[in-house]
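Subject: A structure for you to explore

Hello,

Here is the structure I promised to pass on to you. Please open it next to this message, and then read on for what was found in it.

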Amino acid sequence: MSPTQQQQPAKFRLAIAGGGISGLALAAALTKSSCHKQLAVTVYEAVPEYKDVGAGLALHLNAIKAMALLGPELQRAYFERALTMAAEEDTEMATTVMLAQGPHAGTVVAELGKAKGRKSIARSDLVQGFLELVPEGTVKFGKRLVEIEETAESTSHDGRHPVVKLSFKDGTTAEADALIGADGIHSATRSYLLGADHPATQPKNHDGWIVYRTLVSTEEARKKINPRWTTNVPIMMGPRGHINCIPLSKNTRLSAGVAVRGNVLRALTSSAAPDDDDDPQSKPELDPSLYADYTEEAQQIVRLVAADTSASWTAADHDHAPTYHRGRVCLLGDAAHASLPFAGNGAAQALEDAAVLHALFTSSPLSASDLHDEEKGVIEKMFEAYDTVRRPRSQAVVDLARRFGRVYAYAEDGMHEDPVRMKAFFAEMSAFTNQFDVRGQNEEAVRMFEGLMMGRVGDGKGRGELPN
Ligand code: FAD
């Protein structure tokens with residue numbers, strides 16, 4: 001080894017647990033940035049290979065902005081695989097929210113995420129697109145993280161730095177200098193960070209949501225429902241569930257669903273099913289006759305879903321975590337703040353997280369020895385700035401998604417009787433999620449980090465307080 005090589009400090013080993021949307025987005029962005037010279041990024045993904053489970057995403061403007069900040073390749077990966085909802089690229093499209101039952105049935109109260117060339121994408125297509133941007137060998141498949149241990153000193157590295165030891169279900173282990181847990185709603189990293197017994201660790205289905213869902217070919221769907229809803233994203237609201245469709249895979253498949261809040265169906269049916277919200281077999285049958293007072297278009301979609309509910313699932317979210325980091329471990333995406341899908345912003349929040357972490361790693365000319373330096377505590381301060389900036393906003397979106405669910409179910413304080421009030425609510429809330437200054441958030445995190453490095457104490461406040 002030459003003397004110059006000997007003086008080079010070892011790269012900072014950054015482990016990302018979970019190669020889903022946020023983990024891969026961050027890995028792709030970091031490995032393409034100048035900081036790749038200081039960083040050795042490894043993603044440990046639980047599954048041996050990705051499976052298409054038919055989940056579809058409509059990414060709102062804040063997600064598009066976050067991808068642009070992570071790198072043009074990421075945004076391109078999305079645009080290349082996503083389906084334009086309209087026939088023409090420059091047609092303005094939105095998620096159309098309307099009342100489907102009651103005296104105002106048929107009234108449109110919101111057009112969420114309105115934009116030209118609006119698209120939707122299958123989760124599996126987005127994951128595949130991001131995976132292709134990550135250098136080969138970066139993602140280790142079949143590595144389900146089961147145990148984390150932080151030790152004061154490395155045993156196998158160069159013996160000078162604290163390390164994070166990772167143990168996987170397959171019996172193997174790995175070492176890292178820091179760990180980002182992007183391991184989804186049932187995150188092992190969250191359990192380690194908060195403690196297995198912490199009340200916010202496990203996801204909960206607070207309002208007892210059941211999401212009946214079907215996946216059909218667009219061709220078949222067009223014969224049974226208004227073809228308009230095979231190229232648009234409708235949300236048709238009502239007290240026995242809201243109805244939603246998302247076109248997938250370049251408009252060859254349609255994911256259609258009915259989301260029912262609480263025990264409303266059990267109360268209405270003679271279902272003797274056991275009351276176990278976590279067991280898909282215990283759900284009452286979706287009975288289209290219970291929707292006879294919904295608009296005809298909504299009823300058509302209910303009948304389509306009821307014919308095959310095999311893609312159904314139970315929704316859940318996280319109560320607020322008191323922190324997203326400790327020492328050299330932090331949480332990213334759903335691991336930090338899983339939300340109900342009703343605000344359509346979970347992946348967008350995960351991408352905003354990744355954008356902030358990427359900005360922190362790339363904004364300052366940090367060397368590998370800076371990152372390793374225990375006294376400077378660079379990595380801890382980065383995670384602190386990330387936590388301060390991201391926690392209030394992402395947790396506000398968790399609350400907002402719950403509230404959207406109540407509004408969709410006509411369970412929010414008479415709002416469904418007043419379409420004007422409903423319109424004002426959706427306008428304000430969609431501005432909060434979609435029109436957000438994502439770049440400004442990155443800049444704020446970097447400023448905060450620089451302040452912490454100079455010994456300034458943050459005020460502990462991030463952005464993103466939810467409007468009342
Ligand atoms: P995930 O994408 O869930 O990835 C987590 C990864 O970690 C997975 O690959 C998993 O295999 C892996 N993993 C899990 N445990 C371990 C472990 N112990 N060790 C290693 N790896 C592990 N969001 C939107 O913005 N718009 C939408 O329209 C939208 N629609 C949705 C519709 C549905 C039906 C659902 C369920 C969600 C929707 N969301 C939407 C939310 C969005 O899918 C999530 O917020 C997003 O996937 C979060 O990304 P993530 O990377 O944090 O987690």
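Predicted model: local features only at pLDDT ≥ 70, side-chain atom pairs only at ≥ 80, totals over all residues.

**Two residues in one loop**

Tyr410 has a positive phi of about 60°, although Tyr410 is not a glycine. Asp413 is found in the loop between α13 and α14 as well, and Asp413 has a positive phi of about 45° without being a glycine. As background, most residues other than glycine have a negative phi. Asp413 is exposed, because its relative accessible area is 59%.

**The sheet**

Now look for an open sheet of six strands, in the order β8-β2-β1-β12-β18-β17 and with mixed pairing. At its edges stand β8 (139-140) and β17 (325-326); each has a single partner strand, so one side of each is left without a neighbour in the sheet.

Which strands pair with β1? One of them is β2 (residues 39-44), which runs parallel to β1 and is joined to it by six bridges. Within that pairing, Arg13 has Ala40 of β2 as its bridge partner. Another is β12 (residues 178-181), which pairs with β1 in the parallel sense over four bridges. There, Leu14 stands opposite Ala178.

If you carry on from β12, you reach β18 (residues 329-331), which runs parallel to β12 and is joined to it by three bridges. Ile180 has Cys330 in β18 as its bridge partner.

Together with helix α2 (residues 21-32), β1 and β2 make a right-handed β-α-β unit.

**A record to compare with the model**

The UniProt entry, which is unreviewed, places a "transmembrane region" at residues 12-30. In the model, the chain over residues 12-30 is 53% helix and 32% strand, and the C-alpha atoms at the ends of this stretch are 12 Å apart. Do look at the record and the model side by side.

In helix α3 (residues 61-70), Asn62, Ala63, Ile64, Ala66, Met67 and Leu70 are buried. After α3 comes Gly71, whose phi is positive, near 145°.

Thr218 belongs to helix α7 (residues 218-224). With 2% relative accessibility, Thr218 counts as buried. Leaving aside residues up to four places away in sequence, Thr218 touches Thr230, Asn251, Thr252, Arg253 and Leu254.

**A residue in β9**

Next, find Glu149 in strand β9 (residues 145-151). Glu149 counts as partly exposed, because its relative accessibility is 41%. Not counting residues up to four places away in sequence, Glu149 touches Val163, Val164 and Lys165. Leu166 is 17 residues from Glu149 in sequence, and their C-alpha atoms are 6.6 Å apart in space.

**A cavity**

How many cavities of 30 Å³ or more does a search of the whole structure find? The search finds one. About 30 Å³ of space lies in the largest cavity. Its lining is made by His60, Leu112, Ala343, Phe404, Met429, Ser430 and Thr433. Helix α14 (residues 419-434) gives the most to this lining, with three residues.

Enjoy exploring, and write back with any questions.

Best wishes

Note on methods:
Residues numbered from 1 in each chain as written. Heavy atoms only, no water. Pairing = 2+ DSSP bridges. Right-handed = clockwise from strand over helix to strand, strands pointing away. Buried < 20%, exposed > 50% of the residue type's maximum accessible area, 1.4 Å probe, protein only. Contact = heavy atoms within 4.5 Å. UniProt positions renumbered as here; feature names shortened; annotations may be inferred. 1 Å grid on protein atoms, 1.4 Å probe; cavity = no way out; pocket = protein on both sides within 12 Å on 5 of 7 lines; lining within 4 Å. Points joined across faces, edges and corners; volume = space filled by probe spheres on them.
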